Structures are given as C-alpha cells and as structure tokens.
Amino acid sequence: VTGYTSSTTNIATSGAYQSTLVGAVDEFVVGYSSTGTELWATYYGSGTDYAHGIAIDGNKNLLVVGVTQSSTGIATSGAFKTAYSGKYNGTLAQFSPSGKLNWGTYIGSSSNTNTTTAYAVCIGATNTVYVTGRTDETGLATSGTHQTSIAGSNDAYIANFNNAGNSLAWATYYGGGSSESGSSLYLNGNNLYVAGNTQSTTGIS
C-alpha cells in the first residue's frame, strides 16, 4: 500500500527505512501479510511528497511512483536522475520485500518552471518498469518513439526504465494541442495499454 501523509505517529514501524516524517507531507509505503497483518511501514521523502502508484516485480520488490518538491531524501547514488530540478519532479523508487529502499530516482523537469508527475507504474516480463504521468517538459521523450515533441501545454508521457533504476530505455509523449495526463497502465504480453484524460480535440484518436 502507498500514499502520502502529514501524520507524525502511527505510520512507520520500528527499524523502518525512514522512521520519521521529515517534510510537510511525505510518501508512505506499507507491507501487509496475506491475512492483513502489517509487516512494516516507512516514510519516504523530505519536503512535499505524494505517492500515487505501486506495483510488485518478479522478485517481490515494490515499485512506487509519485511527485515531489524535495531536493533530498529521494534519489540514490547512480540513479537515472539524482538531482532535483524544476517546480515538481516525478519520483520512482524500488523498495525491497522488507521495506528497505533499493534505489530511487527523479523523473523529468529540467527547468525551474517545469512540472513532471508520475501517476502509475507497471512491471514488464523482464522486470523492466513502465511509468506514466503528466509533463510540460520539452526534453523528456527519446529519439524514435511515437511522439518525440510535446504538443500541448501538458502531455501524458510513457517511460520505460530498467529494473536497477539507472537507465531509461525509452520515453514518449502522448497528447494533442491542449492538456493530457496518463493515469493507469496495463501490460498484456508485448502490448502496453495506457489510460488517462485529455482536453485536446486533435492528436488523440
């Protein structure tokens, strides 16, 4: 289970990765047994942090996505993007089955006025990580993908990271002339399905 909280008590368990609330709002991640017993719980973040999606890979690691304004307490050494920049950054983090942080990375927002969010995550057959959300950044997509340039004020994006969180395989925008946001992902075999919302009358269907 994941989400966000401003509570200072009844969240983290003893020995958790992050046992105290550091920011005004931090993400939280909780592990439960199959019978609903809490196994562990941890905070994640240091400023203003919101978790929006969670998935489990083939090794029972937890992948958590969200959005942050925190410049510390998010990215780990060697991650895809280790420095916070922009107005808001997307976040992608991997926690072990026991709730320890394996790695964390920022996503997008290269300038001080840009906003990138991450709303959903799913796992591929080889434990690669797919993320979708919303961005107004112009340099997020990679060459040769479906849509390499942002088309509106905000576009949805879809990105594929390796399971170590240190490499972006590809990323594409999806949107028309107005505003879009990706909100859910589903992988069926080799086909990736993305759902979201739009205000565009062109560039969608």
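Start with Thr 138. Thr 138 touches Ile 150 and Tyr 173, leaving out residues up to four places away in sequence. Contact here means heavy atoms within 4.5 Å. This is a predicted model, where local features need pLDDT of at least 70, side-chain atom pairs count only at pLDDT 80 or more, and totals for chains, interfaces and linings use all residues. Residues are numbered from 1 along each chain as its sequence is written, and side-chain values use heavy atoms, with hydrogens and water left out.

Where is Thr 138 placed? In the loop between E9 and E10. Strands are DSSP runs of E, at least two residues, numbered from the N terminus. Buried or exposed? Thr 138 is exposed, because its relative accessible area is 63%. The cut-offs: buried is under 20%, exposed over 50%, partly exposed in between, with a 1.4 Å probe and protein chains only. Ser 149 lies eleven residues from Thr 138 in sequence, and 6.7 Å away in space, C-alpha to C-alpha.

Now the sheet. Four strands form an open sheet, ordered E8-E9-E10-E11, with antiparallel pairing. Two strands pair if DSSP finds at least two bridges between them. The edges are E8 (116-123) and E11 (168-174), each pairing on one side only. On average, neighbouring strands of this sheet are turned by 20° against each other, direction ignored. For that angle, axes are lines fitted to C-alpha atoms, and angles run from 0 to 180 degrees between N-to-C directions.

Take one pair. E8 and E9 (residues 129-135) are antiparallel over seven bridges. Within that pairing, Ala 118 has Gly 133 in E9 as its bridge partner.

Next, the cores. A nonpolar core is a set of buried Ala, Val, Leu, Ile, Met, Phe, Trp, Tyr and Cys residues joined through side-chain atoms within 4.5 Å. Which residues touch the most other members of the largest one? Leu 92, Val 129 and Val 131, out of 18 residues. Strands giving two or more residues to this core include E5 (62-68), E7 (101-107) and E10 (155-161). Val 129 has contacts including Leu 63, Leu 92, Val 121 and Phe 161. There is a second, separate core of eleven residues, with Val 29, Trp 40, Phe 95 and Tyr 106 among them.

Last stop, Ser 6. Ser 6 sits in the loop between E1 (2-5) and E2 (26-32). Ser 6 touches Leu 21 and Ala 24, again not counting residues up to four places away in sequence. Gly 73 is 67 residues from Ser 6 along the chain, and their C-alpha atoms are separated by 16 Å.
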